[in-house]
Structures are given as C-alpha cells and as structure tokens.
Amino acid sequence: RALALTKKPDPRSIEAVRIARLFAIGEATSEQLAAAWAAAWAARAAARAAERKWQTKRLFEYLDGKRT
C-alpha cells in the first residue's frame, strides 16, 4: 500500500517488498531478505542525495536573486 503513494517507486524498493512478503510465508531466505533490504536502503540513499542536490541548487538560486 505504501508504494502506491509514490509516483515512481524505485524498483529496488518494490523488490524489497516482494521479498519481504515471500520471507513472511517462508519462500525466501534471510539472505535474500538482507540483500533486498540493502538494495532498498541504497535506493533511499540515492534518492536523498538527489533531493539534497536539488534543494541546494534551488537555495542558491534564491540567494543569488534568480528566484523570488
């Protein structure tokens, strides 16, 4: 349900949810779950870095008077 709230969820996050569901019913290993979790967190870190870059650029545009 949470992924439905996101416009373009990262495929690594979708895969992590899929593996977590499989793990819950005994069809995925803890190793698979750990790998999917790590990939999802890497996606999160990439998204945060991109957002931070955009915010910094926007801030400097305001400070330089290019935006009001």
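Modeller: We may. The expected span of a helix is 1.5 Å times one less than its number of residues. Please keep in mind that this is a predicted model.

Colleague: What span does helix α2 reach from its first C-alpha to its last, and what span is expected?

Modeller: Helix α2 has 34 residues. At 1.5 Å a residue, the expected span is 50 Å. The span in the model is close to that value: from the first C-alpha to the last, α2 reaches 49 Å.

Colleague: Which residue follows α2 with a positive phi?

Modeller: Helix α2 covers residues 30-63. The residue in question follows the helix and has a phi near 80 degrees. That residue is Gly65.

Colleague: Which residues of α2 are buried?

Modeller: A residue counts as buried when its relative accessible area is under 20%. The cover over the buried residues of α2 includes helix α1. The buried residues of α2 are Ala36, Ala40, Ala43 and Glu61.

Colleague: Is Glu61 buried or exposed?

Modeller: Glu61 lies in helix α2. Leaving aside residues up to four places away in sequence, Glu61 touches Lys66 and Arg67. The relative accessible area of Glu61 is 17%, and the limit for the buried class is under 20%, so Glu61 is buried.

Colleague: How many salt bridges does the count come to?

Modeller: One of them links Arg12 with Asp10, where the closest N and O atoms are 2.9 Å apart. Arg12 is partly exposed at 35% relative accessibility, and Asp10 is partly exposed at 25%. The count comes to five salt bridges.

Colleague: How far apart in the helix are Arg18 and Glu15?

Modeller: The side chains of Arg18 and Glu15 meet in a salt bridge of 2.8 Å, N to O. Arg18 is partly exposed at 42% relative accessibility, and Glu15 is partly exposed at 33%. Both lie in helix α1, residues 11-24, and they are three residues apart, about one turn of the helix.

Colleague: Why does the pair of Trp37 and Trp41 count as tilted?

Modeller: A search of the whole structure finds one aromatic pair. The ring centres of Trp37 and Trp41 are 5.6 Å apart, and pairing requires centres within 6.5 Å. Planes under 30 degrees apart count as stacked and those over 60 as edge-to-face. The planes of Trp37 and Trp41 stand at 50 degrees, so the pair is tilted.

Colleague: Which of these two residues counts as exposed?

Modeller: Trp37 and Trp41 are four residues apart in helix α2, so about one helical turn separates them. Trp41 has a relative accessible area of 38% and is partly exposed. The exposed class requires over 50%; at 55% relative accessibility, the exposed residue is Trp37.

Colleague: Which residues make the nonpolar surface patch?

Modeller: The patch has an area of about 330 Å². One of its residues, Phe60, has its place in helix α2 and is partly exposed at 47% relative accessible area. The patch is made by Leu59, Phe60 and Leu63.

Methods. Residues are numbered from 1 along each chain as its sequence is written. This is a predicted model: local features need pLDDT of at least 70, side-chain atom pairs count only at pLDDT 80 or more; totals for chains, interfaces and linings use all residues. Side-chain values use heavy atoms; hydrogens and water are left out. Rings of Phe, Tyr and Trp (its six-membered ring) pair if their centres lie within 6.5 Å; planes under 30 degrees apart count as stacked, over 60 as edge-to-face and the rest as tilted. Helices (H or I, at least four residues) and strands (E, at least two) are DSSP runs, numbered from the N terminus. Buried means under 20% relative accessible area, exposed over 50%, partly exposed in between (1.4 Å probe, protein chains only). A salt bridge is a side-chain nitrogen of Lys or Arg within 4 Å of a carboxyl oxygen of Asp or Glu. Contact means heavy atoms within 4.5 Å. Patches are made of residues with over 30% relative accessible area and no salt bridge: like charges are joined within 9 Å, nonpolar side chains (Val, Leu, Ile, Met, Phe, Trp, Tyr) within 5 Å. Accessible areas come from the Shrake-Rupley method with a 1.4 Å probe; for residues, only the protein chains shown count as cover.
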